[in-house]
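This briefing goes through an assembly of several chains, taking the individual chains, their contacts and some local packing in turn. Please read it alongside the sequence and the structure shown here.

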Amino acid sequence: MAPPTAPATAAPPRRRRVALHLWVAGALLLALALVPLVSQLLGQGFYVTLVSRMMIFGLAAVGLNLVVGYGALVSFGHALYLGFGAYAVGVLSFHGIHDGWVHLAVALCGGAVLATVIGAVCLRAKGVAFIMITLAFAQMFYFLGVSLKQYGGDDGFAIDMRSQFGFVDLDNSVVLYYVIFAVLVAVLYALYRLVNARFGMVLRGCKSNERRMAALGFPTHQVKLTAYVISALVCVVAGMLLANLTRFVSPAYMQWLVSGDLLVIAVLGGLGTLIGPLVGAVLWLTMEEVLSSFSPGWGMVDELVRNHWLGVAGVVALLVALLLEHGVYGAIVARDEESGS
Amino acid sequence: MTILSVKGLVKRFGGLVATDHFELDVAPGEIHAIIGPNGAGKTTLINQLSGELLPDEGSIRLDGEEIIHRPVRWRALQGIARSYQITSVFPEFTALQNVMLAVQGASGGSFSFWKPVSSDATLVQPARALLQQVGLGDVASRRVSSLAHGARRQLELAMTMALKPRVMLLDEPMAGMSHQESQEMVRLLQKLKGHYGIVLVEHDMDAVFALADRITVMVYGRPIACGTADAIRNDPEVRRAYLGEQAEAI
Amino acid sequence: MTFSLLLTQLLNGFQLGVLLFLLSAGLTLVLGIMHVINLAHGTLFMMGAYFAAATFGLTGSFMLAAVAAIAGSLVLGAVIERVVIAKLYARDHLYQVLATFGVILLFNEIARYGWGPSPVFMDVPAFLSGTVDLGGVVYPAYRLAIIGVGLLVGAGLYFVVHRTRVGMLVRAGATDAGMVAALGVDIRRLNAAVFAAGAALAGLAGLMAGPILSVQPGMGEPVLILTLVVIVTGGVGSVRGAVYGALIVGVVDTVGRAFLPTLMRELMDRSVAMAAGPAVASMLIYLLMAVVLAVRPAGLFPVKHG
């Protein structure tokens, strides 16, 4: 048991105790690493696919969180980049190009250009207008996707084979799982460095007090745009992985619904924490699974929930917005900061 | 030789003339105080000097160069630093992180993505030194949201100094401070004399008369007198317009 | 491209503009005065359409349908304002977005549960089912009526906003809400009233859209996004911006979709035009919005803040 904490004015004794939130984060990552093994033991390959999906959406939400949680730029259009990554893989595959490195290069370069242009336009608007414009642009690309009849239009199209990288075989579900996991961990670490580096401090300063940041001489616009592009590229990579996982590409990936999901996931897990959105993704997608296959034997309610689970999800989103101050993981971090430091 | 020169500055808000042909000049190392009744337009003036508000007419010259159209960021990088009447710091960060940010702003180099700032000596050392200077060395690792008002005003000052400016615009640095805290702040500002050209907006008359080399009195946006502390104290127009019954107290 | 075709499409554009105006006027005021972003505005539009279609189907009376749509949306709007929006006034826009996002999902499912996923049909009322001859051009009476109603509502709104005390408070609130509150006006009642009025307008738009759009779950969102484009282009909080923005967006979108593919076929290779034509046409208003933003970030008719 920890001794009673000293009053706030005196310097607190330095505790050599690892904060709870780090345990939680570590446990989560460890659990994710073990899923394929457990899944194999249980003979349920389905879990590998489900958790792969969770990690992909977690990755996208982690990227989105860079601008929403650390930068206070609420983008309601990041699903656009998810879709872009997916289409990059899909369209190239469609035309017979299966080289994973080409997919990656095209997705990242194209995504960077797209995000820079869109980000620059969106950042012309302040506050609420920014949110509305990001939504509008995502919708624009959704309609673009729908109108591309040669790529299936509204229905989308299937991909014959996953991205081919020489040294890994993504066609193996477990291998793909670990690739997704590796990318997720790498991105988390890179963002961890970033938010504590000079760039990250400027971004966080802009969230905290933008007026002061300008008065201190910072290039706030360039920093925000750069952060936007970085977060977009994380979503592009997530989109590439999604296309590989489902072997399917569709404009539905770019719907406003998906952008909204990403925001809920980030808030549910904990804005302004790195791994919070991953926690949020696990919780949200678990909820989706549970609701859409709801059958605890409550008679009519079962079927009602199963058929209209999206409505229940809506209520959950509403409650998250009204009630959650810090998010699930964020609450743990907040409590640690209160008692520890 | 002047470091900051303001001539004929005018700012209107609809029918209201907030700044009415204001004039000011500040020599390097001088503390030039601006006093005047509430609503005289002092913060509006500071906002125009810092670049946050665009004047309708007039000229602002920094070391001879016209800067009236320059944006806030340019002025900050060229040596004009301001502090805010209503404390404008970063409450979620520690005192040290606040000053480190200010130091970073002055030094440029925001596009570094990998090295943690906490291990960047070029940010940490100067920040610690500044915190020591303003008397906040002990609370460097404390989150600003947990600091008292007086400490936050000191932090405001430290952040302004971090820009290593040529001109400091101090907007009521002693606002809301207790008598003791104000005296500390006066001692601090006295140490800054000679190093920076300072425009000091203040209501605390003891502080103003203790610190100012020259004083300009501002009423309804106009400068009605400018001179040394003694000259202002004895100026009949000033006594009438501003000091009023308080003249006895001085 | 004949004159009659152009005129028809222009009128269609006005008609779409009218619907967009009804939606954006309420939403831009809510945004400008209350600083609240309400994504569930499209839901109010949808529910208005459903109330109208259901009532019309049951009773055959367009008047009753109108009452149901407008009153129903007004009540629903008032409830949403009390239960959801009021709790979010002080909070960051992100939470307002998420909460109203949740409301959208909930009501889309309620609609799906109540009326099924397929479109509900609503006939054009008998007294408006004919056509009107406009100097040789034949145009549906119903669509003309929509334009007429829009003009009426626009005039009415102008009168209320610029000639009544309530309107003055609304305009003052859009410029400086804090000041209005400080002057002793019950800002909460004003907010609730503005929100409810916006909801009623959305219901009216839903009523009028019933016979010409598909009344189905999720019909509100595409219209909502167009409304957001209108507001951003016109200027947040500006009713004048909503008027011009709505007309511009309505006309550009309609005329663009009708003629751009043809125009492109004239200018370039047929297969390219076939592929790109509809795509570019659907992107047209977003490109317009981007251009406006690049030149005037605050919109075409921004509200000047004191």
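Two residues are in contact if their C-beta atoms, placed from the backbone, lie within 7 Å. On that basis, among the contacts in chain C between residues at least 6 apart in sequence, 78% join residues at least 24 apart. The model is a predicted one, and every value below is computed from it.

**Chain C as a whole**

- Chain C holds eleven helices and two strands, and along the sequence these elements follow the pattern α-α-α-α-β-β-α-α-α-α-α-α-α.
- The radius of gyration of chain C is 20 Å, close to the 19 Å that the globule rule gives for 306 residues, so chain C is as compact as a globular protein of that length.
- Taken along the principal axes, the C-alpha atoms of chain C fill a box of roughly 60 × 50 × 35 Å, and 52% of the 306 residues of this chain count as buried.

**Chain A as a whole**

- Chain A contains 13 helices and two strands, and its C-alpha atoms fill a box of roughly 70 × 55 × 45 Å along the principal axes.
- For 341 residues a compact globule would have a radius of gyration near 20 Å, and the 21 Å of chain A agrees with that expectation.
- Of the 341 residues in chain A, 53% are buried, while among contacts in chain A between residues at least 6 apart in sequence, 75% join residues at least 24 apart.

**A helix pair within chain A**

- The axes of helix H1 (residues 20-42) of chain A and helix H13 (residues 328-339) of chain A come within 8 Å of one another and cross at roughly 145°.
- On the H1(A) side the contact is made by Leu20(A), His21(A) and Val24(A), which meet Tyr329(A), Ile332(A), Val333(A) and Asp336(A) in H13(A).
- By class, the residues of this contact between H1(A) and H13(A) divide into five nonpolar, one polar and one charged.

**Contact between chains A and C**

- Of the two pairs of chains that touch, chains A and C have the most contacts between them, and the contact takes 38 residues from chain C and 38 residues from chain A.
- On the side of chain C that touches chain A, helix H4 (93-115), helix H9 (220-234) and helix H11 (270-295) of chain C each supply at least two residues, with H4(C) giving the largest share, 16 residues.
- That side of chain C is made up of 31 nonpolar, three polar and four charged residues.

**Contact between chains A and B**

- In the contact of chain A with chain B, 21 residues of chain A meet 25 residues of chain B.
- Helix H6 (173-196) and helix H7 (198-215) of chain A each supply at least two residues of the side of chain A that touches chain B, and H7(A) gives the most, with eleven residues.
- By class, this side of chain A has twelve nonpolar, five polar and four charged residues.
- Chain B and chain C, by contrast, do not touch, and their nearest C-alpha atoms are 9 Å apart.

**Domains of chain B**

- The domain assignment of chain B gives domain 1 (1-79 + 165-250) and domain 2 (89-164), and the centres of these two domains, taken over C-alpha atoms, are separated by 26 Å.
- The contact between them takes ten residues from domain 1 of chain B and eleven residues from domain 2 of chain B.
- Helix H6 (residues 179-192) of chain B gives the most to the side of domain 1 that touches domain 2, with three residues, and the residues of that side divide into six nonpolar, two polar and two charged.

**A sheet in chain B and the helix across it**

- Four strands of chain B form an open sheet in the order S2-S1-S4-S5, with antiparallel pairing.
- Strand S2 (16-26) and strand S5 (65-66) of chain B stand at the edges with a single partner strand each, so one side of each is left without a neighbour in the sheet.
- Strand S1 (residues 4-13) and strand S4 (residues 57-62) of chain B run antiparallel and are joined by five bridges; within this pairing, Glu57(B) in S4(B) is the bridge partner of Val10(B).
- Helix H1 (residues 42-50) of chain B lies across S1, S2 and S4 of chain B and runs at about 60° to S2(B).

Technical notes. Residues are numbered from 1 along each chain as its sequence is written. Chains are lettered from A and ligands numbered from 1 in the order in which they are written. This is a predicted model: local features need pLDDT of at least 70, side-chain atom pairs count only at pLDDT 80 or more; totals for chains, interfaces and linings use all residues. Two strands pair if DSSP finds at least two bridges between them. Axes are lines fitted to C-alpha atoms, for helices over the stretch in contact, and angles run from 0 to 180 degrees between N-to-C directions. Ala, Val, Leu, Ile, Met, Phe, Trp, Tyr, Cys and Pro count as nonpolar, Asp, Glu, Lys and Arg as charged, and the others, Gly among them, as polar. Domain bounds come from an automatic or database domain assignment. The radius of gyration is taken over C-alpha atoms; the globule rule is 2.2 Å times the number of residues to the power 0.38. A residue is buried if 20 or more other C-beta atoms lie within 10 Å of its own, exposed if 12 or fewer, and partly exposed in between; C-beta atoms are placed from the backbone.
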